[in-house]
Every structure is written in C-alpha cells, then in structure tokens.
Amino acid sequence: MALRPSQGRALSNADVVVWVGPDLTPQLQEQIDALAGSALSLPLGEAPGTHLLPFRDTGLFPHEHDEHEEHEEHRDEHDEHEDDHDDDHHDDHAEEHHAHDGHGAHDPHIWLSPENATLWLSLIAEALSQADPENAATYVANAEAGARTIAETVEQARAALDPVAGRPLALAHDAYQYYEEFFGLSVIGAISDADANTPGPSRLAALRDGLAEQGAACVLTEATTDPRLLEAVKASGLPSVQLDPLGTDLPQGTALYPALILETATRIAGCAGN
C-alpha cells in the first residue's frame, strides 16, 4: 500500500498511530517505523483482549455439527502429526501455510465486533493520555461516553435483527464474520474470502450447492460486487442489500461507528425480512 503524500506527512507528524494491525495492512509497520519511529504505535489487532477469529478459507461455511466433526478430525490428525514432529516444526509449518495463502492467520475485519470496539476505546484513551497527560481526564471521559453509546447502539441493532434471527444469509465478501458472530446471524457462506480475492471454480461450486440446498433469505453485497459472481452461484435472483464494512458513505465524526453498526443491522433486517 503506497501512501499518498498527505498521508505520509500526517504519519511523520503523528505522536500516536492507531491502526488495525498487520493482518489487514502488513506493510504499514515498515512505513510507521520509517516515518513515525518516535510515535506511539497501537496496532489494535495485537492488543491484549482483542477478540480474533480465524481466516475462513472455504466458500461454504460449516454448521456447528460439521465444525465439531471437523475439530475432532483435525485433533486426531494433529495428535498423529505430533508423534512424528516436534512443536517447533509444527509452528513453522503453520506460519509457512499462512504465508503461502497470502493472508494473515486472522480475519482482519476486527472492528465489526462491538466487543472489540468497546475494549479499544480505553486502550486508545490510555495511549492518548500517555502522549498528552494534561488532557488525560478528557480522553478517559470520552472513552467512557463512547462505550455507553456503543452499548445503546448494540441494543438497537439487536432489536432490529431479532425479527429475522435464524434466516440464512449469503455474503458476496466474507467481511462480516465478527458482526455475524456477535449478533448471532446465520450465514451460509461467501463468494469471495476476507481478502476479497477472486474465487475459484471449486469455491463457487460449493457455495452454489449450499445455496441450492439451504436457500438464502438475502445476499449481502458491496459496491464492488461483480454481478457475474452472483450469477455464478445462482444468487442474482435473490433479495440483496448493499453493505459497506468501512461506513464510507456515513458522516465522519464520533457518531460514525455507532451509525455503522446500526445501519448494517437495519439493512440486513430489511432485506432478510422480505
């Protein structure tokens, strides 16, 4: 990711750099080191207590029963593997596997978990207080007010989603794992993975079969969704709604995050309720 000149200047003038972390932008650490070496760096994805979910490699997501069987099978394979290889080799193999995949070990859309967002408010306030002790009380008060606002928004979002609880959803882009887990949504699968890579034939075929078997009340798309991919999984005729995990079109400011959480819930509920 090449920085624009204005971004480079902002980074070089920063006292505190808050960023999602290397799972989303692995190259940013080098840019921070080069341009903002004296700044306090706060990669949220590496903060203690941050809830992380694994990167999902499959187009069709397993049900809880399937996940249990898969876990048991993986555990048996792991035990056999450990008989032949030591822990160090196993760890190296896991790191190599993820490096070859071209993505981090975790789904990087960690901000779509209100649980994470609430945790980070206090961590950001702490970092800002360290850089600007004179205004520490203000940072702490703002963080506490933000946490209350998120809690209120979560209740509103749950109220919007409750009427469509359990209705199966499909994703064009696997960006909403944290949101779906937090609010208990039922998602069949995704056309493209969390990195928005172009899906291969086997992934499309698996999702097409899953949609045919399980159906979907709604397909969650984005502005960049290719209609041909929807057609490839026979989802073009299903109800759909456009989401934006970044809230690009929402007003910037302190109300952005609560608006993103509630807007996402409202749009999903409206589509799945058809």
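**A conversation about the model**

Analyst: Arg267 has a relative accessible area of 36%, so it counts as partly exposed. Please keep in mind that this is a predicted model.

User: Which residue does the side chain of Arg267 meet in a salt bridge?

Analyst: The partner is Glu263, with an N to O distance of 2.7 Å. Both residues belong to helix α10, and because they are four residues apart there, about one helical turn separates them.

User: And is Glu263 buried, partly exposed or exposed?

Analyst: Glu263 is partly exposed, because its relative accessibility is 31%.

User: How many salt bridges are there by this rule?

Analyst: The count is four. Another of them joins Arg228 to Asp226, whose closest N and O atoms are 2.9 Å apart.

User: Are Arg228 and Asp226 buried, partly exposed or exposed?

Analyst: Arg228 counts as exposed because its relative accessibility is 66%, and the cut-off for that class is over 50%. Asp226, at 23% relative accessibility, counts as partly exposed.

User: What about Arg56, which residue does it form a salt bridge with?

Analyst: Arg56 forms a salt bridge with Glu180, and their closest N and O atoms lie 3.1 Å apart. This pair links distant parts of the chain, the two residues being 124 residues apart. Arg56 sits in the loop between β2 and α3, while Glu180 is in helix α7, which covers residues 177-183.

User: Buried or exposed, those two?

Analyst: Arg56 and Glu180 are both buried.

User: You mentioned β2. Which strand is joined to β2 by bridges, and how do the two run?

Analyst: Strand β1, residues 16-19, is joined to strand β2, residues 40-43, by four bridges, and the two run parallel. Within this pairing, Trp19 has Pro43 in β2 as its bridge partner.

User: New topic: pockets. What is the volume of the second largest pocket?

Analyst: The second largest pocket has a volume of about 1000 Å³. Its lining consists of 29 residues, and those nearest the centre are Leu121, Ile124, Gly253, Leu256 and Tyr257. Helices α5, α6 and α10 are the elements that give two or more residues to this lining.

User: What classes do the lining residues of that pocket fall into?

Analyst: The lining of the second largest pocket has 21 nonpolar residues, eight polar residues and no charged ones.

User: And how many cavities of 30 Å³ or more are there?

Analyst: There is one cavity of 30 Å³ or more. The largest cavity has a volume of about 40 Å³. The residues that line this cavity include Val164, Arg167, Leu185, Ile268 and Ala272. By class, its lining has six nonpolar, three polar and one charged residues.

User: How far apart are the C-alpha atoms of Pro201 and Ala232?

Analyst: Those C-alpha atoms are separated by 9.2 Å, and along the chain Pro201 and Ala232 are 31 residues apart.

Note on methods: Residues numbered from 1 in each chain as written. Predicted model: local features only at pLDDT ≥ 70, side-chain atom pairs only at ≥ 80, totals over all residues. Heavy atoms only, no water. Pairing = 2+ DSSP bridges. 1 Å grid on protein atoms, 1.4 Å probe; cavity = no way out; pocket = protein on both sides within 12 Å on 5 of 7 lines; lining within 4 Å. Points joined across faces, edges and corners; volume = space filled by probe spheres on them. Nonpolar A, V, L, I, M, F, W, Y, C, P; charged D, E, K, R; others polar. Buried < 20%, exposed > 50% of the residue type's maximum accessible area, 1.4 Å probe, protein only.
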